[in-house]
Amino acid sequence: MINYHPLMLMGRSRFLPAVLLGIMTCLLFGPNTPEAKAESGGKPLVGDLSPEQLFEAFPSFAEGYVAFDTEADSIQLPLDTSVSVFFGTWCHDSEREVPRLLKLLRTAGLSEEKLMLIGLDYRKREPEGRAAQFDVQYTPTAIFLRQGVEVGRIVERPNTTLQEAIKQIFDVSI
């Protein structure tokens with residue numbers, strides 16, 4: 001008696017699309033690890049958040065914040081600066097960059113009133129539609145504004161350090 005595996009019966013022409021569909025699903029819906037589900041109750045944090053809410057729900061973000069050293073590379077921001085940070089709690093780039101950015105901004109003296117920390121779902125959406133309004137394509141995206149007008153953004157990971165990227169946006173000394 002010969003046993004056939006179901007995938008063998010599908011043939012090569014049907015097997016490849018099935019594999020590609022599986023890969024695309026994983027990429028679209030992000031990590032499905034027990035740790036990620038346990039930290040957020042199985043769902044990403046979406047909408048307006050404070051850094052404290054983020055750190056409480058996702059300790060890995062808090063650990064990144066504490067570990068990042070800004071002593072040597074402090075920055076100064078113009079007083080009329082505000083920052084909107086769009087990110088996903090499910091996104092590894094956000095997990096790495098957002099804590100660093102938050103620490104830099106706090107060290108630079110940016111008040112919490114001038115910081116908008118906005119969690120996005122897997123489709124990069126949130127209830128108020130601001131991600132669409134700002135055409136956010138990737139996470140994280142930090143949008144720097146002066147007097148409410150966008151002057152620059154950092155998308156995913158800067159080509160240089162965060163400090164240098166912010167310096168380039170404002171053309172200020174580090």
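User: How many helices and strands does the chain have?
Analyst: The model is a predicted one. Along the sequence its elements follow the pattern α-α-α-β-α-α-β-α-β-α-β-β-α. The chain has eight helices and five strands.

User: What share of the residues in the chain is buried?
Analyst: A residue counts as buried when its relative accessible area is under 20%. The chain has 174 residues, and the buried share of them is 37%.

User: Among contacts between residues at least 6 apart in sequence, what percentage join residues at least 24 apart?
Analyst: The contacts considered here are those in the chain between residues at least 6 apart in sequence. Of these, the share that join residues at least 24 apart is 67%.

User: Are helix 6 and helix 8 parallel, perpendicular or oblique to each other?
Analyst: Helix 6 covers residues 92-107 and helix 8 covers residues 162-170; their axes lie 10 Å apart and meet at an angle of about 60°. Angles under 35 degrees count as roughly parallel and those from 65 to 115 as roughly perpendicular. The two helices are therefore oblique.

User: Which residues make the contact of helix 6 with helix 8?
Analyst: Helix 6 passes helix 8 in a right-handed crossing. By class, the contact has four nonpolar, one polar and two charged residues. From helix 6 come Glu97, Arg100, Leu101 and Leu104, and from helix 8 Leu162, Gln163 and Ile166.

User: Within what arc do the buried residues of helix 8 fall?
Analyst: The buried residues of helix 8 are Leu162, Gln163, Ala165, Ile166, Ile169 and Phe170. Seen down the helix axis, they line one face of helix 8, because they fall within an arc of 165°.

User: What covers the buried residues of helix 8?
Analyst: The cover includes both helical and strand elements. Helix 6 is one of them. The strands included are strand 2 (81-87), strand 4 (141-146) and strand 5 (149-155).

User: Which residue just after helix 8 takes a positive phi?
Analyst: Helix 8 covers residues 162-170. Just after this helix, a positive phi of about 55° is taken by Asp171.

User: Is Thr139 buried or exposed?
Analyst: Thr139 sits in the loop between helix 7 (130-133) and strand 4. Leaving out residues up to four places away in sequence, Thr139 touches Phe86, Phe87, Gly88, Trp90, Cys91, Asp93, Ser94, Leu120, Lys124 and Glu156. The relative accessible area of Thr139 is 3%, so this residue is buried.

How values were computed:
Residues are numbered from 1 along each chain as its sequence is written. This is a predicted model: local features need pLDDT of at least 70, side-chain atom pairs count only at pLDDT 80 or more; totals for chains, interfaces and linings use all residues. Side-chain values use heavy atoms; hydrogens and water are left out. Axes are lines fitted to C-alpha atoms, for helices over the stretch in contact, and angles run from 0 to 180 degrees between N-to-C directions. Helices (H or I, at least four residues) and strands (E, at least two) are DSSP runs, numbered from the N terminus. Angles under 35 degrees count as roughly parallel, over 145 as roughly antiparallel, 65 to 115 as roughly perpendicular and the rest as oblique. A crossing is left-handed if the near helix is turned anticlockwise from the far one by less than a right angle, and right-handed if clockwise. Contact means heavy atoms within 4.5 Å. Ala, Val, Leu, Ile, Met, Phe, Trp, Tyr, Cys and Pro count as nonpolar, Asp, Glu, Lys and Arg as charged, and the others, Gly among them, as polar. Buried means under 20% relative accessible area, exposed over 50%, partly exposed in between (1.4 Å probe, protein chains only). The arc is that of the directions from the helix axis to the C-beta atoms.
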